[in-house]
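Hello,

I am passing this structure on to you, as promised. Please have a look at it first, and then read my notes below.

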Amino acid sequence: MESKTKSPPKLTRRNYSKIIRPIFGILVLGYILWRLYEVLIVQQAYSIEIWLRLLIAGLIIGGVYALIAIGYTLVYGILFMINFAHGEVMMIGTFAGYFLFEVTKGINVASAGNPPLSFSDAYPLISVILAFIVGMTVAAAAGFFLEKIAYRPLRKAPRLIPLISAIGASFFLQNAAQLLFSPQVRDYTNPAAIARGSGWTLIINDSRVVITYTGVLTFVLSILLMIGLYLMVQKTKLGKAMRAVASDKNTAALMGIDVDAIVSRTFIISGALAGAAGVMWGLHNGLVHFFVGFLPGIKAFTAAVLGGIGNIPGAMLGGMFLGLVESLGPTALGISYQLKDVIAFVIMIVILIFRPSGILGEVLSEEKV
Amino acid sequence: MKTRRILIVAFLLVLLLSACGPAAEEPAVVEPSGVDTTALCEGDDFGCAVIAPGQTIKIGMGSPMTGGNAAFGIDAEQSGLIAVEDAGEFMGFQFELIAEDDGGTPEGGAAVANKFAADPTIVGVAGHLFSGATFAALPIYEEIGIPMLSPSATNPDLTRQGSRVFNRVPFTDEAQGAAAAEYMYNELGFRKIAFLHDGQDYGKGLAEIAAATFESLGGEVVALMGLTPGEADYSPVLSTIAADSPDALYLGGYTQEGVVLTNNMKTSGLEDVVFFGCDGTFGVDFLSRTGANGEGTYHATPRTPPETPEKDAFDAAYTTRWGQAPGELSPFTWNSYDTTTMLIKMVQEVAVMGSDGSLYIPRGALVDAVRGLANYVGISGTYTCAPVGDCNIEGPTFWIVEGGEFVAVN
């Protein structure tokens, strides 16, 4: 924190950076606008169907990022710590959904047609709902125990300590999954009705644009979950208690709120959302392995910071924004696709230069920090 | 209380008995060979590794066993363990595989190499797996004379350093890249190709060589770019490539990226474009994970036809022992078995039984023996090491997927 002594302003290193930062931001912004002009107006190399495909991909991954980002934001809002093991909670949810589909695939159901169908093919809706229930429950349980074991004993410790504990928990969960499930990459067995790659096909400029069923499911469900969460936080008693704990833990306790219970519930909610994101990820992308939560976890953390960490609509916006930038950015700027993460992070830095607490971030009171 | 005490005493007794067990067995007595081991070891460039009775002859292996590439290391270890089992006993000594985690990184490679160098009973290293780790480990082995035989480090520069100890069995990226470009241009008649790679030493080198050759033949390279490896969705990059309407998409990389690309191509406007992979994408794993999407894709392997009785026996052993099919974790399953076995064979060739009952392995002779390997028929191919350490200088065989199977096309 800044010291509060009122010395006369000097040309310190900090003053330099105060000038340099916006200059850097404006330069990068100028470069981005110039590239956009080059690609969109001058070259016009890409036609509408390509932009549409990129947009679809961006919205889908953005929905997944947003759901995971909410978990970071909820926990940060209440405990002021970054739960770096959150990506692993998502991985656990992905595995839970995977095993549910394996089980439902294994059960044969008598059908009117000749070959007996497996349960998941015969009742795709039920098995998908089951997968989400199982994935969310298991991930919620993982979040609950994670808090109980790794964070609660350190509640009163300096803020860096739980952070280290979170990184340790992340490694532990990753390696535990590697030993339990072997490091091989497995494929989600989707119910036949929503097989990966199947979907509604639009023909634009003689070229097929596929809107996949799994993509629509991912996008719609993530929006629904986000609305549900927002209503819960704003309208219910639990939500009110969560907001009270977030704004001031001690006062909330004095008002008769059980802080420990609220913290536990926050972890359960954020775990459930991560579990839902994990099952969506599995259904849409089809891959599950012990490392699957790592990258989405980091990306979602970025999204949470971008939107203003601690702010729930901010996390949603940040997730969608990051997904779209990742998908559209390299093409729109005409930069190699390998640099998509660089583009996303540079844009994040530029935004943070002009809005240091994120797009929707509140300015934290000193007391709270 | 009393019962508990009795239980503890009984437990201790069992422990004691089980500890005594193995010691009761007499080691098999092997007649000394009569060779003067002192002169042999003094005459050797690096001296001898002396394996005392009761010790094992150790083969090292450095590979990533944790982190995102853990599957490669675990697979190599599982394969190597079967190789060691198959080798059985040699003059009363057992072979042992010591697989260490180098993370696939230069730092890890150097750390593992130093650890191996400090163990006098490690005689050879079946690795390292990744080119980056190999670069860092190589000078350490060079100094004390531990022969290396890598199943998968393909970076061309590794065999250009004049190393005496480094050898490898995968064919070089140069041979494969050039052959693939010529095949696509001359045989398949492609004129516009997008070249993708995973941005790593192996894939990038391969794609760049293939693209350069293709361009020199007169073809048009519509894209040469890297992907972020390990991602689950590449449809954005594919959608962008679709704007150039290429004839084919060439990938330098591994099954993981190959599978995702092949599946994504069907929804990204590239449904009629041919996917042309490499030896990194060949394997049953690719077939099972792409299904109908994988039909008509091309892949590469070393020259020898891959189906032999020895390979079938290994496949069966691997599946029973580890509960998963070989090639599922990484494409180097068979190479790892071969490199471990080759090292063991060469040790058996140069080792001498001393008059004191210890086994003497002259390190310099072993290094030269591995480099001198000729016409070795393994389960992944036939190998003859060139003087620089490349044991596979033939071009690749190309395969097309038809009806859910690989069919050789040249």
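This is a predicted model: local features need pLDDT of at least 70, side-chain atom pairs count only at pLDDT 80 or more; totals for chains, interfaces and linings use all residues.

Residues are numbered from 1 along each chain as its sequence is written, with chains lettered from A and ligands numbered from 1 in the order in which they are written.

Between the chains, 30 residues of chain A are in contact with 30 residues of chain B (contact: C-beta atoms, placed from the backbone, within 7 Å). On the chain A side, two or more residues each come from α2 (48-79), α6 (160-181), β5 (207-212) and α12, and α2(A) gives the largest share, 6 residues. Helices here are DSSP runs of H or I with at least four residues, and strands are runs of E with at least two, numbered from the N terminus. By class, this side of chain A has 12 nonpolar, 12 polar and 6 charged residues (nonpolar: Ala, Val, Leu, Ile, Met, Phe, Trp, Tyr, Cys and Pro; charged: Asp, Glu, Lys and Arg; polar: the others, Gly among them).

Also in chain A, helix α11 (294-307) packs against helix α12 (312-333) at about 120°, with axes 7 Å apart. Axes are lines fitted to C-alpha atoms, for helices over the stretch in contact, and angles run from 0 to 180 degrees between N-to-C directions. The two helices are therefore oblique to each other (under 35 degrees is roughly parallel, over 145 roughly antiparallel, 65 to 115 roughly perpendicular, the rest oblique). Residues that meet include A:A303 and A:L306 in α11(A) and A:G318 and A:F321 in α12(A). Their contact has 8 nonpolar, 5 polar and 1 charged residues.

Chain B divides into domain 1 (43-170 + 308-383) and domain 2 (173-301), with bounds from an automatic or database domain assignment. Their C-alpha centres lie 31 Å apart, and the contact takes 10 residues from domain 1 and 14 residues from domain 2 of chain B.

Finally, chain B has an open antiparallel sheet of 3 strands in the order β1-β14-β13 (strands pair if DSSP finds at least two bridges between them). β1 (48-51) and β13 (352-353) of chain B stand at the edges, each with a single partner strand, so one side of each has no neighbour in the sheet. β13(B) pairs with β14(B) (359-362) over 2 bridges, and B:M353 stands opposite B:L359.

Best wishes

Methods:
Two residues are in contact if their C-beta atoms, placed from the backbone, lie within 7 Å.
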